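Please consult the sequence and the structure shown here.

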Amino acid sequence: MTSNSQVAAQFSLRAVLALGAACVVVGFSLFPLYIMITTALKSESDIFSWPPTWTFEPTLQAFKNAFLLFGGQNVLVFLFNSVLITAASTVLAVGLGSMAAYALARFPFRGSKHLAFFILSTRFAPPVAFIVPIYLMFRSVGLIDTHLALILFYTSMNLSFVIWVLRGFFADIPIELEEAALVDGYTRWQVFLRIALPLVRPGLAATAILSAVFAWNEFLLANIITQRDAATIPVYLSGFSASMGIAWGEYMAVGFFAVAPIMIFTLFLQRHLVRGLTFGAVR
Amino acid sequence: MKYFREKRRIAFAMISPSILVIVAINIFPILFAVYISLHLWSFGRGVPRFAGFLNYEELYYDGRFGDAVLTSAKFVFFAVLLEFVVGFALAFLFNVKVRGMATLRQIAVLPIMVMPIVAGLVWFYMFNENFGVINWLITLLGSEKVGFLTDLDVALFSIVLADAWQWTPFVMLVMFAALQSLPEYVYEAAKMDGLNAWQTFWRVTIPMLRPSIMIVILLRIVDSFKMIELVFMMTQGGPAGRTEVLPWYLYVTGFQALDLGFAAAMAVSMLILVTIFTQLFLSRVGIGNDNK
């Protein structure tokens, strides 16, 4: 027979062990990000030192180099392209996708379920399979190295996922509210915009964040269909090998700006992300 | 009658813009890839010539393609295995109800959102043979320095490790959410039936988690199959082709060797492979059915 105090002691030991183990996991998750930030803040001699230095005099030289003079290429243009393309494709994907998702959830027709599933399955295709045809297509209509090309591609990639996930969210809200609004004289568009959309706000937030992250992080297609004018941050970073492996600090500094905004977003908006990440399969 | 027609009109207006975009940017390129793959088609070497299944025939006899398939299979197998086993265990760890655990969990999953190119850049630095921190750690443990990205037998596993850093938290997050959604009464019933913790785990928890387990494995297989960023940043397919996964080989064929017809044949083969695989997998799990 264990007494109550023994149970409490056991429990707290288990809690401490669990917390300790969880801290180790968090350390492993954060370690590469820590390396990224410290490398960006190190002087060149510290970056190449052996053994690696853990205490060092932080300097902003790498940030200055990266953003003010480095390589004659202006990183800020790449950042601007990334922001513009991410914002436009996210708005388009969530805007168009929410309409389609609502229609598929509320006005089912024969085969609408198959259509929804077919739309989802396009998301499983490896992007690399698209590089050849998309490149030739965009080249033939003069869209190579334009913002529009990437906006279109990311919108399409995200649409399939937005439609599938939001369709589940719409199906979850009771239809009675919308019927009542129809009786009150709302048009169908008003019902969609004023009743249904506000009710799936968590779904909109989750799909918008994940669409934005996808567009922001996407590298392969951006690398193929942009060269200079519309190239995004991942394309800039992939040029590292061209720096002959010496500009570590500068690239880490840019990498910090590529990762930080997304980190801040996800730290605060984690609810419903799982449902989006698993295409609605796990809630 | 008018009512139904109005409904159909609205549904059409709402769906068609999305369908239009998806058909133009998603479906058409696939058909176009099939068309390209039936031609001898390369940059700057005159007009494409129809060649039937020549590219596919070549693909069949191409040893490098076979190697890339094997490398991809190896990468997917080890990455998903590692990510699943560790992620699954971590889900139970983060499910322990203690104050502060939720915050730790939210920080632990941050790697999921890191730009893959940046992940590749940082791990490239950490794996460096001359000044990388990982080599420093293993020399502390008394080992010799290892050429993590240059050793023929090690390079692929270095990429697996970097991939696992990013995606193990994903498995953890999904399995954690699945654990949370298990109803409490099942456990009460198990307790009343006198099952011990071990039995409860195998006979109650695992069967109830099965759909989520299948989904997370499917998503990881499909996603790790398309991984190219880590290879791009860390090894460029080397050393001696040991990390040349299919996406990298396709990329090199299309945009360095400029053999578009051959690259398209590879693309079509990949699409067929993924489609068959996901359809088989999904028909067994039924992801298409549980979403109403």
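Reader: Which domains does the assignment give for chain A?
Author: This is a predicted model, in which local features need pLDDT of at least 70, side-chain atom pairs count only at pLDDT 80 or more, and totals for chains, interfaces and linings use all residues. Residues are numbered from 1 along each chain as its sequence is written, and chains are lettered from A and ligands numbered from 1 in the order in which they are written. Domain bounds come from an automatic or database domain assignment. For chain A, the assignment gives domain 1 (4–59) and domain 2 (67–277).

Reader: Which element gives the largest share of the side of domain 1 of chain A that touches domain 2 of chain A?
Author: In chain A, 7 residues of domain 1 are in contact (C-beta atoms, placed from the backbone, within 7 Å) with 6 residues of domain 2. On the domain 1 side, two or more residues each come from α1 (4–41) and α2 (44–47) of chain A, helices being DSSP runs of H or I with at least four residues, numbered from the N terminus. The largest share, 4 residues, is given by α1(A).

Reader: How are α3(B) and α7(B) oriented to each other?
Author: The axes of α3 (residues 63–94) and α7 (residues 155–180) of chain B come within 6 Å and cross at roughly 40°. Axes are lines fitted to C-alpha atoms over the stretch in contact, with angles from 0 to 180 degrees between N-to-C directions. Angles under 35 degrees count as roughly parallel, over 145 as roughly antiparallel, 65 to 115 as roughly perpendicular and the rest as oblique. The helices α3(B) and α7(B) are therefore oblique.

Terms used:
Two residues are in contact if their C-beta atoms, placed from the backbone, lie within 7 Å.
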